[in-house]
Amino acid sequence: MSSEQSVVKVHYHRVRFLNELRVYERLAGYEVGRIGVFRVPQLLGHDVSRLALEISAVEPPFLIDFGKSRLLDEWERVSTEAFERKFERVFSPARAAIAS
């Protein structure tokens, strides 16, 4: 673990630990330190065998619980965009008919 002022968060559920780890890694890749007015801790370390994350200590207001978060991978993003385009193409005429 690091020598910085930090918090160790230990998970009970492996899936939530892995989800949260992925979110912190993605946020670090984009150098996200804030989401709106909320501060986001930085991932300082992790231990998969202990389901533990070490994150930087931050002052309120803050967001630290990403255990139930889910990231879209490239395939899901492309699939979602394709679905939205098809949905619009199918339902736009119906909306126009209702509006008139």
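This report describes a sheet, a helix lying across it and a cavity in a predicted model.

## The sheet

Three strands form an open sheet in the order β1-β5-β4, and their pairing is antiparallel. The edge strands, each of which pairs on one side only, are β1, covering residues 6-10, and β4, covering residues 43-47. On average, neighbouring strands of this sheet are turned by 20° against each other, when direction is ignored.

Between β4 and strand β5, which spans residues 52-56, there are four bridges, and these two strands run antiparallel. Within this pairing, L43 has I55 in β5 as its bridge partner.

## The helix across the sheet

Helix α1, made up of residues 14-29, lies across β1, β4 and β5, and runs at about 150° to β4. Helix α1 also takes part in the lining of the largest cavity, to which it gives the most, with three residues.

## The cavity

Rolling a probe the size of a water molecule over the atoms shows where empty space is left. In this structure there is one cavity of 30 Å³ or more, and the space in the largest cavity comes to about 30 Å³.

The residues that line the largest cavity are Y24, L27, A28, V32, V40, P41, Q42 and L43. Sorted by class, this lining has seven nonpolar residues and one polar residue, while charged residues are absent from it.

Definitions and conventions. Residues are numbered from 1 along each chain as its sequence is written. This is a predicted model: local features need pLDDT of at least 70, side-chain atom pairs count only at pLDDT 80 or more; totals for chains, interfaces and linings use all residues. Side-chain values use heavy atoms; hydrogens and water are left out. On a 1 Å grid over the protein atoms alone, a cavity is a set of points where a 1.4 Å probe fits but cannot get out, and a pocket is an open set with protein on both sides within 12 Å along at least five of seven lines; lining residues have an atom within 4 Å of a point. Grid points are joined across faces, edges and corners, and a volume is the space filled by probe spheres set on the points. Ala, Val, Leu, Ile, Met, Phe, Trp, Tyr, Cys and Pro count as nonpolar, Asp, Glu, Lys and Arg as charged, and the others, Gly among them, as polar. Two strands pair if DSSP finds at least two bridges between them. Axes are lines fitted to C-alpha atoms, for helices over the stretch in contact, and angles run from 0 to 180 degrees between N-to-C directions. Contact means heavy atoms within 4.5 Å.
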